[in-house]
Amino acid sequence: MAQQLVFEAPRRKVPPQHLADFDAAGRIAAVEALGLPAFRANQLAHQYFGRLTADPHQMTDLPAAVRDRVAAAMFPKLLTAVRVLACDAGQTRKTLWRAGDGTTFESVLMRYPQRNTVCISSQAGCGMACPFCATGQAGLTRNLSTAEILEQVRAAAAALRDDFGDRLSNVVFMGMGEPLANYARVVAAVRRIIEPSGFGISARSVTVSTVGVAPAIRKLADERLAVTLALSLHAPDDELRDTLVPVNTRWNVGEALGAARYYAEVTGRRVSIEYALIRDVNDQPWRADLLSERLRGALGRRAHVNVIPLNPTPGSQWDASPKAAQREFVRRVRRTGISCTVRDTRGREISAACGQLAAGG
Ligand code: SAH
């Protein structure tokens, strides 16, 4: 029997509130509640998002006498880096985080010649049960708070600055979890990632990846944030997609693509279609043709197909497609005028690649 889909995260003690949980108005209310003037809110936001400082004791523009109070009320330590693994000569780094309640999850920092990308988690675990993904096998522990999501971004930006003298340019919600199943917290985090008074990263450099929660895709379009949407399609036909991405039994290929089309229309952005290529499962030439046909119908030229060679996961009987099958798949998609590239997979040897995040000890 298929594993059950979990949309409602288990109820747990919520993490303490943090400056990064608040929007601008909330920050003012929070500092006023501490008996501080409203202008301190901007100062704290600048320290956190601009200078990447999360410890009020290092905020020299804050009166020494109030630092303890601000620290206790607005900067609880949310995450501890338990382990950092690196590969690609230090260009790929995976961090295992532990939250205050012991929950663990991972993020991955990737340096490229022209960009620096952090792949962040939106949930600890995942309830979507895709059989080829290690995260999906372990089930959902809980939603991450907005501040827990943003702390991953801040840590990545600080590491780039301190270790490489470089800047963070891209944020992808492609770590653990289904971002659109933790909708409100993810959208709040996205706002703070792209706002000039937040991390100030350009919206088009932020990618939200989803299994295809169709109503949430439409809602996201209506937020007008114009971030890049990635849809994890993996099969063009319902029969196969029902087994690879179990949420397909709720919102099928047609509904997922309909929502993607709405997203493209409202935002004017191209939608990335993720397709993990699995030997003898979804890599047949006829499926490449069907994929192209369906994408042409739904998105026209507003589709970009990202082929991801399947990464190995524990206990899975599936393999990546042979190179020749992969080349033929890409060729068939491209010949219909749809752009298609093969994702350069990073971090396989440290289990940091797509679908490998499991946060095991
Ligand atoms: N839940 C969201 C966010 C995770 S993004 C989503 O599914 O889109 C992680 C991406 O890696 C998804 O496209 C996912 O389908 C893909 N993936 C999962 N397991 C994989 C594997 N073993 N090899 C390659 N890609 C995989």
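Q: How do the residues of the shell around the ligand divide into nonpolar, polar and charged?
A: This is a predicted model, and its ligand shell has 10 nonpolar, 9 polar and 2 charged residues.

Q: Which of the 21 residues around the ligand come nearest?
A: Those are Phe-132, Ser-209, Ser-232, His-234 and Asn-311.

Q: Nice. Which strands each supply at least two residues of the shell?
A: Both β8 (206–210) and β10 (271–277) do that.

Q: What about polar atoms, say around a nitrogen atom of the ligand?
A: A polar backbone atom of Phe-132 sits 2.9 Å from a ligand nitrogen. Gly-177 also has a polar backbone atom at 3.0 Å from a nitrogen atom of the ligand. As for oxygen, a ligand oxygen atom and a polar side-chain atom of Ser-232 are 2.6 Å apart.

Q: And how much of the ligand's accessible area does the protein cover?
A: On its own the ligand has 530 Å² of accessible area, and the protein covers 95% of that.

Q: Back to His-234 for a moment: where does it lie?
A: You'll find His-234 in the loop that runs between β9 (228–232) and α8 (238–244). Its phi is positive, about 65°, although His-234 is not a glycine.

Q: Is His-234 buried or exposed?
A: Buried, because its relative accessibility is 6%, and the cut-off for buried is under 20%.

Q: Changing topic, what's the phi of Asp-280?
A: Positive, about 60°, and Asp-280 isn't a glycine either. Asp-280 belongs to the loop between β10 and α10 (285–299).

Q: Buried or exposed, that Asp-280?
A: Exposed, because Asp-280 has 62% relative accessibility, and exposed means over 50%.

Conventions
Residues are numbered from 1 along each chain as its sequence is written. This is a predicted model: local features need pLDDT of at least 70, side-chain atom pairs count only at pLDDT 80 or more; totals for chains, interfaces and linings use all residues. Side-chain values use heavy atoms; hydrogens and water are left out. A residue is near a molecule or strand if one of its heavy atoms lies within 4 Å of it. A polar contact is a pair of N or O atoms within 3.5 Å; within protein, one must be able to donate a hydrogen and the other to accept it, and residues adjacent in sequence count only if both atoms are side-chain atoms. Accessible areas come from the Shrake-Rupley method with a 1.4 Å probe; for residues, only the protein chains shown count as cover. Helices (H or I, at least four residues) and strands (E, at least two) are DSSP runs, numbered from the N terminus. Ala, Val, Leu, Ile, Met, Phe, Trp, Tyr, Cys and Pro count as nonpolar, Asp, Glu, Lys and Arg as charged, and the others, Gly among them, as polar. Buried means under 20% relative accessible area, exposed over 50%, partly exposed in between (1.4 Å probe, protein chains only).
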